Amino acid sequence: MKARFFIVFLLSLIASVCFAQGAASVIFASGNAQIVGKDGRHRAAVRGAEVEVGETVETADGRVQLRFSDGANMSLQPDTRFRIDEFRLVEKSGKASSDDRSFFSLLKGGFRTITGLIGKLRREQYKVDAVVATIGIRGTDYSAQLSESGLTVSTFGGLVEVCTDAGCSQVAPGETVHVTDRKSKPRNEERGTGGALNVPATPALPPPKPIEVLPAVTPPVQAPSTVPSMPGPSYSIPMTRP
């Protein structure tokens, strides 16, 4: 009985230590980015700083890159407010468990992320609330941009699901959807509108100029050069008579 109690106590102690660690750490920060604690206090978002559950990252005029303990990476754009609502990872031989969670809130601005263990193995336990819609994933690489005109989500790899009160829309790689409010269903739109990527068309090249024929040029005739005789001694051969 005492041995069982000791094992349970030890496991709970390990779990409490794991949960006490930050959900994510800052691997890059620029500008006047700040981390807002649950008590409302601000501290600078510097490289190596930890972001805990319930805290909000405000990038202001800068950028912040986060790395979560499940291996996910997230790049927050300027003028973004992003909150970690719930994050739990009980690592079991590199696999996510049924108790793991990745719940976030995009309050303003935008980000691009590559999901980690929870997003890949426990997709139903990952979501981002973005005021006008909720983002769920069935993929690994996507971006989201929240502005006054609504939410724009673009997928680069895998599959993303954007849901409102009016229904859900799946966003495949290369596709973009836009949501104006909670009562509107997400609608597909072309890249280049609503904050999505815009790849300009390749401009047509001008037609080639006609080849200009130049007049033939006759080379000048050069007279052959004469080799001057070299001066030297003259020899006379005497003639003898028989």
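Strands, as named here, are DSSP runs of E of at least two residues, numbered from the N terminus. In this predicted model, that naming places Glu-55 in the loop between β4 (50-51) and β5 (56-58).

What does the side chain of Glu-55 meet in a polar contact of 2.9 Å? The partner is the side chain of Arg-43. The backbone is involved as well: a polar atom of the Glu-55 side chain lies 2.9 Å from the backbone nitrogen of Glu-52. Leaving aside residues up to four places away in sequence, Glu-55 touches Ile-35, Val-36, Gly-37 and Lys-38, together with Arg-43 and Glu-50, and also Phe-82, Arg-83 and Ile-84.

Within β4, Glu-50 is the bridge partner of Ser-25. The strands β1 and β4 run antiparallel and are joined by 2 bridges. Strand β1 (residues 24-29) also pairs with β6 (residues 64-68), again in the antiparallel sense, over 5 bridges. One of the residue pairs linking these strands is Phe-28 with Gln-65, the latter in β6.

How many disulfides does a search of the whole structure find? The search returns 1, formed by Cys-163 and Cys-168 with their sulfur atoms 2.1 Å apart. The link of Cys-163 and Cys-168 is right-handed, with 110 degrees about the S-S bond. The two cysteines fall into separate accessibility classes: Cys-163, at 18%, counts as buried, whereas Cys-168, at 39%, counts as partly exposed.

Finally, a word on confidence. The chain has a mean pLDDT of 79, with 68% of its residues at 70 or more. Over residues 1-20 the pLDDT is below 50, and this stretch has 4 contacts in the model beyond near neighbours in sequence. Residues 193-209 likewise stay under 50 in pLDDT, and the model has 11 contacts for them beyond four places in sequence. Where pLDDT is low, the predicted coordinates should not be read in detail.

Notes:
Residues are numbered from 1 along each chain as its sequence is written. This is a predicted model: local features need pLDDT of at least 70, side-chain atom pairs count only at pLDDT 80 or more; totals for chains, interfaces and linings use all residues. Side-chain values use heavy atoms; hydrogens and water are left out. Helices (H or I, at least four residues) and strands (E, at least two) are DSSP runs, numbered from the N terminus. A polar contact is a pair of N or O atoms within 3.5 Å; within protein, one must be able to donate a hydrogen and the other to accept it, and residues adjacent in sequence count only if both atoms are side-chain atoms. Contact means heavy atoms within 4.5 Å. A disulfide is a pair of cysteine sulfur atoms within 2.5 Å. Buried means under 20% relative accessible area, exposed over 50%, partly exposed in between (1.4 Å probe, protein chains only). Two strands pair if DSSP finds at least two bridges between them. pLDDT is the predictor's confidence in each residue, from 0 to 100.
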